[in-house]
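Colleague: I would like to learn how to read a structure like this one. Could you take me through it, feature by feature?

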Amino acid sequence: MSDMSYVRSEMLPERAPPASSVGLVGWMRANLFSGAVNSILTIASLVLIYMVLAAILPWIFSPTWNGTSQNECREIVGSGHHAACWGVINDRWEQLLFGFYPNGSEGGADQRWRPIVAFALLFVAVTPVLFSMISRRMNWVLLLAVLGLTGLYLGGAVGLILGLALLGAAAFVGFKALSTDKEARAAEIEAGAKRLPNPLIFSAIYPFIAPWLLWGGTVWLPIAAALGFVIGYYAFVFIARALGSLVGIIGAVVIAIVWWLFLTSGFANLMDSILPISLEAVESRKFGGFMLSITIGVVAIACSLPIGIVLALGRQSDLMIVKALCVGFIEFIRGVPLITLLFVASTLLNIFMPPGTNFDIILRVLIMVTLFASAYMAETIRGGLAALPRGQYEAADALGLDYWKAQRLIIMPQALKISIPGIVSNFIGVFKDTTLVSIIGLLDPLGLSNAIRADQAWNGLVWELYGFIALLFFVFCFSMSRYSMYLERRLRTDHR
Amino acid sequence: MYHMTSMTDPHQGQFRLSMLLYDSRYRSMTIQIIALIGFLILVFWLLSNTAQNLADLGKQPSFGFMSEPAGYDINQRLLEYTSQDTHLRASLMGLLNTLLVAAMGCIAATFIGVFVGILRLSPNWIVSRLAAVYVELFRNVPVLLWIVFTMAILIETLPAPSAFRKGEAAMSLWDTVAVTNRGIYIPEPLFSNSLGNIHLFGQSSLRFDISLDLLAIAFVFLGGLFISRIIKRRADVTQEATGERPTTWYWRLGVVVVPTTIVLTLLGLHLGYPELKGFNFKGGTHMRNSLIALWLALSIYTGAFIAEIVRAGILAVSKGQSEAAGALGLRSNRIMSLVILPQALRVIIPPLISNYLNLTKNSSLAIAVGYMDITGTLGGITMNQTGRELETVLMLMAVYLVISLTISGVMNWYNESVKLKER
Amino acid sequence: MKKSAFLGALTVASIAASAAVAQDASTLDQVKERGKLNCGVATGVPGFAAPDANGRWEGFDVSVCRAVAAAVLGDSDAVEFIPTTGKTRFTALASGEIDMLARNTTWTFSRDVDLKFEFVGVNYYDGQGFMVPKEMGVTSAKELDGATVCIQTGTTTELNLADFFRANDMSYEPVPIETNAEAQQQYLAGACDVYTTDASGLAATRSTFEDPSSSVILPEIISKEPLGPLVRHGDNNWGDVVRWTLNALISSEELDITSTNVGEMSAAAGDNPEINRLLGTEGNLGEMLGLDAEWAKRAIMANGNYGEIFAKTIGEATPIGLARGLNAQWTDGGLLYSPPFR
């Protein structure tokens, strides 16, 4: 009996937790019914969800996709039932997406592949900036694939061969990229394997490709416009060598502006007469629907980036007059609603321009929305500049860099990187605000919904159209905002 | 300017023209002057173009049209107005409507935002998910769409006055409130022994009346509050001195409630109830569906943004703070109101200001639902009827600019006052 | 991303998308050079102007644009339709963005004289009316005291309405609404008792109801609304082109020229000298306008004569179902009266 012990000498085996604290039940107890208040809240929420779904779902699920008019929908559904008439979306979704972009119905070819390609290429072009987890090679795969598919779509012998070749190249590069992992590739590069060129090259070319795709016309015009930058750059190099960098910058800007204003169209016409390559010109008033919203959003954000940088730097500068001008501009634009700026676009901008100038309305809207976005962009970038540790500025000074070099090499690359989430949310804001153009008579999705309701067949339909438009905006904006949040998280870890 | 003042010993050498560019003492000056000249040239260019174009169109810029009769009616007017009043007065009605919906929207959006922001942090899974769905749904669809959507819901789901006539719908809250698709009619306070009004500014476009009844009530009420504060201060003094706080809540309540009640009774306060007469409900205060739709849409939309701000603000307060408060024995609602919210407020207020500004600016979308704000009057019908685009748009911008600058000025001043005093 | 590259995009876009047009040239020459007529229309009014699923614009006002394009350019599809709102239409015309405006616009003194536009004629005689649900039992607009009235804004409508109710010493609650579609929605839901706009618009709107007979249009017409196409002051030649194209449409109905027989009638000079002059087989009217001899023939071929256009877009056979009424030829007791072609 002496070896009897009152203290257990070995551990009991762990027992399973009670059924009420694991699995579904446990989860529910922990998260839904942890107390009286929580239980009431849970039940109230469930009732709310049920009521909303019960009201909406029977309406949504209605077999009217093939209805050709509102009356036909009413017949399909039967009287007394309240259900959606989806025929209007079936009939008009192309218009809601592309507006009046030539679809071949008025003679000529269906041109709608152009905006699709332009926006697919946009995705490729922003990839290196926004999605740095995608490798350089995969980026080229994307580009080749888009171009290849375009070739196949356009058809014809050349299109077919070119398309297949491009797709083949894409598959080849893609296979190689997938078959070698990161370390192996790094080793290859170490060993002297040639790297593909930086995809940022395409990003820099893209701003000239997109307008050509969307608006069409001769290919020489965007090339001439791009040449302006090349000329400006070389002018800077030569003048700066002889007379100093400030004179260089001024000289380069002047020469580039002279080129754009007076020589571009001549050059384009000349080259066009030698080697005519052109797409069917599409006037901007043909733009409508979502394509219009995206075009306005993208152009405004893209153009507002350089203006915003200049304004943000101006606002931070020691130069009193420059600072006052920038602050005045930013606060003015941020102080008035966008709709008043759109009124300016629709009624006043022509009055401000030299007599006889006549921009079309979409271009005027683009100008005003760009100005609007610039003010917000300036504030975003100012935030980025302010978030940069003081030491970075001091380090740049310590290296003896002048103001512009410090900005170009040290400050801006970091400030812009911090600002990317802000820029993305700016874009979402501007994109949502493009619906305001319906108030001045442009046919964006909301404006088109009015025009569609003026059609005898669809008179009086509200929910279907608004619902469809809201869904498209939601999908677009939600994915962008999720992405921007992800970026924010990633950038935050980088800087802490 | 910093460079200029730090230059204590100006170089006495010979001045050369190239120094304007290469000498840092003069360079900033040169750049500024170039920028200023460029700006002035731009302004001059715009002005001369405008003058030339207007001359070609045969229009002389003038604001004389503002004193001509407007000729149109406005449904929601906070001051007295007829179609024979001037465009200026019509614009004033619009401005007041703008301010009204903006103020109501800011208040409601704040409540919704704080409420949902706290719900998003709720430990209850389904509640926090619902709050997240609300936030994402409303943030990611354009506000203009929400405004027309809300309006459509109000119009389609609420009963028309004719339904009341036929007995298919009834008034709510013991027959005092009529909820119709033309708006909500609520009881209005009336005074049978009214003291009358003071008329200000005679017959001009800016004339307005001040109700002596309201003035009297406000005077008595504020007086009561003042006395109540004195009582509180005396109680504080007693507590400091003796350590015991005298019970004063009934005194403090009494000095506010009793005189106010007496004044109200003397004035003969009673409620005017809405009644179905002819085509519409008569009597009571009519909150039009355009106002409700705009108000709801703006506040729910902005509330989604504010909820995120509130959530971020609360999360920004370190966990140690609430744990410390818990250790002091505070209950969870006291922790929230005494420890977390005051600290979170500092993070919350700056973005809150810009959301208030956005809401105010977005109220200009009123025209989509026919709410007669300043964009609908001055920038809408007045612009259409007079054809004075330049003048009306400039005035419209000026008005919004003043409102925005005022809001941001006031809120920044408040922000300064709650900011952590750093030493 | 190269920031400067974006500037290039703007430049390209502006060069590609805008053509700076010198306004020195006459509008007619500009249109011919451009090869397209820029015509301002409404953003969507049933029967008058609305795009179909292919983006092709159709309607009564649209047909006037097409006729002018056919007369000037020989192609009734050579039109750019520019949707305008009540707010933007006049600036669009004044700034030269559009060559003509065909957007049920009322001809008024101040628009003609103060805003400096030239109304070239009337293509639809209209007047402001009221529509009420039948069950309300209202038979006259004079019984509308205290009613809630939906108005389409941006027009002369709100002024007429204010005057009418003031003159009859009645009160009302105005509900201003931007588009016809929304006004219709509010009216149908009973959010307003009355819908007021031009009588043609009321009829067009009523035609689309599930039960059109549930609404009545009151007999009072409280205003004169002569609707017509307009051009800028100061280019009389262009004004003449649009005016006489409209007159050609009206005259051709009077002279029984239709889109089906115009080809054969214009093949050779016939017995009626006015038809001959109109269709260019006699005289040189087209040349005087700065066009060729067959201008009127093409205008009629485009969509038919006035009567055909009316019947096709808004007439009794269409869902809109408007009777000719005031818009019948003067010979039939209407107001349509084209000056003679000589």
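**Reading a sheet, a core and an interface**

Modeller: Start with a sheet in chain C. Five strands form an open sheet in the order S10-S9-S11-S8-S12, with mixed pairing. Keep in mind that this is a predicted model.

Colleague: Which strands of chain C stand at the edges?

Modeller: Strand S10 (172–177) and strand S12 (215–217) of chain C do. Each has a single partner strand, so one side of each is left without a neighbour in the sheet. From one strand to the next, the twist averages 25°.

Colleague: How do I read the pairing inside a sheet?

Modeller: Here is the general idea. Strands of a sheet pair through backbone hydrogen bonds, either parallel or antiparallel. Now take strand S11 (residues 194–198) of chain C. Strand S8 (residues 128–133) of chain C runs antiparallel to S11(C), and four bridges join them. Gly129(C) stands opposite Thr197(C). Gln128(C) has Asp198(C) as its bridge partner.

Colleague: In what sense do strand S9 (residues 147–152) of chain C and S11(C) pair, parallel or antiparallel?

Modeller: S9(C) and S11(C) pair in the parallel sense, over three bridges. Val149(C) stands opposite Val194(C) there.

Colleague: Is S11(C) buried or exposed?

Modeller: Buried. Five of the five residues of S11(C) are buried, so this strand is largely enclosed by the rest of the structure.

Colleague: Which strands does helix H8 (residues 199–207) of chain C lie across?

Modeller: H8(C) lies across S8, S11 and S12 of chain C. The helix runs at about 125° to S11(C).

Colleague: Show me another strand pair.

Modeller: Look at strand S1 (residues 37–42) and strand S4 (residues 79–84) of chain C. S1(C) and S4(C) pair in the parallel sense over six bridges. Leu37(C) has Val79(C) in S4(C) as its bridge partner. S4(C) is mostly covered, with six of its six residues buried.

Colleague: Which residues of S4(C) point one way and which the other way?

Modeller: Val79(C), Phe81(C) and Pro83(C) point one way. Glu80(C), Ile82(C) and Thr84(C) point the other way. Both groups are buried.

Colleague: How do I check a helix?

Modeller: Helix H15 (residues 361–387) of chain A has 27 residues. At 1.5 Å a residue, H15(A) should span 39 Å, and its end C-alpha atoms are 39 Å apart, which agrees. H15(A) is mostly covered: 23 of its 27 residues are buried.

Colleague: What should I look for in a core?

Modeller: In soluble globular proteins, nonpolar side chains tend to be buried together. Here the largest nonpolar core has 296 residues. Those with the most contacts inside it are Leu342(A), Val365(A), Ile147(B), Leu294(B) and Cys65(C). Helix H10 (residues 289–316) of chain B gives the most to this core, with 17 residues.

Colleague: What does Val365(A) touch, not counting residues up to four places away in sequence?

Modeller: Val365(A) touches Ile296(A), Leu342(A), Ala345(A), Val437(A) and Leu442(A).

Colleague: How many residues of chain B are in contact with chain C?

Modeller: 30 residues of chain B are in contact with 29 residues of chain C. On the chain B side, the elements that give two or more residues are helix H6 (143–157) and helix H13 (374–386). H13(B) gives the most, with six residues. The chain B side divides into 11 nonpolar, 15 polar and four charged residues.

Methods: Residues numbered from 1 in each chain as written. Chains lettered and ligands numbered in written order. Predicted model: local features only at pLDDT ≥ 70, side-chain atom pairs only at ≥ 80, totals over all residues. Expected span 1.5 Å × (residues − 1). Buried ≥ 20, exposed ≤ 12 C-beta atoms within 10 Å, placed from the backbone. Pairing = 2+ DSSP bridges. Contact = placed C-beta atoms within 7 Å. Nonpolar A, V, L, I, M, F, W, Y, C, P; charged D, E, K, R; others polar. Core = buried A, V, L, I, M, F, W, Y, C linked by C-beta atoms within 7 Å. Axes fitted to C-alpha atoms, helices over the stretch in contact; angles between N-to-C directions.
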